[in-house]
Amino acid sequence: MHSLTRATLPALTKLERSKMALARSVALKLINRSISAASIEWARARRVQAQRVRAFSALMSPPSKAVVYEREGPPDSVIKMIELPPVEVKENDVCVKMLAAPINPSDINRIEGVYPVRPKVPAVGGYEGVGEVYSVGSAVTRLAPGDWVIPSPPSSGTWQSYVVKDQSVWHKISKDSPMEYAATIIVNPLTALRMLEDFTTLNSGDSIVQNGATSIVGQCIIQIARHRGIHSINIIRDRAGSDEAKEKLKGLGADEVFTESQLEVKNVKGFLANLPEPALGFNCVGGNSASMVLKFLSQGGTMVTYGGMSKKPITVSTSSFIFKDLSLKGFWLQKWLSSEKATECRNMIDYLLCLAREGKLKYDMELVPFNNFQTALSKALGLHGSQPKQVIKF
């Protein structure tokens, strides 16, 4: 077979050459467009992938240092500090960087396994505190990074550097609030406020009586009562430094402060001077100290018990029931800390924080770095004598 050569091909006309050139041009343009479209699609895919990676990163909390316990028992032997891995921040979640959290007696009781309401183990310790919003899920609109929040109602797990919970848990507060008061505003101050309001109608000029007056609840009762024009009669234990304790409580607004030994008399009402007989009393000690509170109460008065530090029973004389018609009631803040009462509780929290900002509500606290948690715990356990409230600073 003979190979074809240019000589054997028929000559192309000028028109045919023009058509072939046009076809080549169109083909090249189509190829270039395909390459360009592929490049654009590839670039878009890379951007989407990068966005997905960034979105995934934004929806994870940082690693968190936490105080945990895997079984119930003595806190100083069952707790340990570990690092927890990042946690997913879902669309309705808020990741909060904790600023401060206290060590309350109820926290210790939860770890010991003796408090009625406690988390399942293993668990992170702590029940209240204050933090700053670190990041929010895609559906969260009422909170933003930088906001200060507290868990309300309180929830377990505040002894860790980052906490991730549903947005409904967090209550935004003013950043002007003193950090240590924001961290401790619920368990003790809210107890004081509710007891003053829940049992008897108190008006300016009325009186209340309480034992355990040096406790934080006791100090809060004195200050809130004073703010409302209500007088307070206060009972403290006989111990070294009782004179200084009396002066301190009077500085907070206490009208009268007595040691238990001073009240070992037949008629304690002789100590009232010009104060009206109290219709409401508070007991957190039990035993003989509770009996002293009862002696001060007016006809038809009420004594509210919210603790039992002496671990001794309350004894009431028959005549107190028959002739004075006294009432004995109990108070447990946990009944207030429910989602159904969240709005009401948050309004009360804002009221108490306002008092703290104005310097009308104060109590002693010691801020302790998170890394020194064991030292703070030993003080909270009473291993170093009487100590201020221990508040962990993260």
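Ring pairs link W159, F370, F373 and F394 into a cluster; rings of Phe, Tyr and Trp (its six-membered ring) count as a pair if their centres lie within 6.5 Å. The structure is a predicted model, so local features need pLDDT of at least 70, side-chain atom pairs count only at pLDDT 80 or more, and totals for chains, interfaces and linings use all residues. Residues are numbered from 1 along each chain as its sequence is written, and side-chain values use heavy atoms, with hydrogens and water left out.

**Rings and charges**
- The structure holds nine aromatic pairs.
- Take F258 and F296: the ring centres are 6.4 Å apart and the planes are at 15°, so this pair is stacked (planes under 30 degrees apart are stacked, over 60 edge-to-face, and the rest tilted).
- F258 sits in strand β11 (residues 256–259) and F296 in helix α8 (residues 287–296), so the pair ties together parts 38 residues apart in sequence.
- Both F258 and F296 are buried (under 20% relative accessible area; over 50% is exposed and in between is partly exposed, with a 1.4 Å probe and protein chains only).
- R110 has its charged end over the ring of Y127, 3.9 Å from the centre, and K341 lies over the face of W336, 4.2 Å from the ring centre. To sit over a ring, NZ of Lys or CZ of Arg must be within 6 Å of the ring centre and within 35 degrees of the ring normal.

**Nonpolar cores**
- The largest nonpolar core has 49 residues, and V130, L190 and F282 touch the most other members. A core here is a set of buried Ala, Val, Leu, Ile, Met, Phe, Trp, Tyr and Cys residues joined through side-chain atoms within 4.5 Å.
- Elements that each supply at least two residues of this core include β3 (93–102), α5 (186–198) and α10 (342–357).
- Setting aside residues up to four places away in sequence, L190 touches I185, L333, L337, C345, M348 and L352.
- A second, separate core of 19 residues includes V67, V78, I103 and W159.

**A look at S232**
- S232 lies in strand β10 (residues 231–236) and is buried, with a relative accessible area of 1%.
- Beyond its neighbours within four places in sequence, S232 is in contact (heavy atoms within 4.5 Å) with I208, I222, G253, A254, D255 and E256.

**The whole protein**
- There are 11 helices and 16 strands, taken as DSSP runs numbered from the N terminus (H or I, at least four residues, for helices; E, at least two, for strands).
- Of the 394 residues, 45% count as buried.
- Among contacts between residues at least 6 apart in sequence, 72% join residues at least 24 apart.
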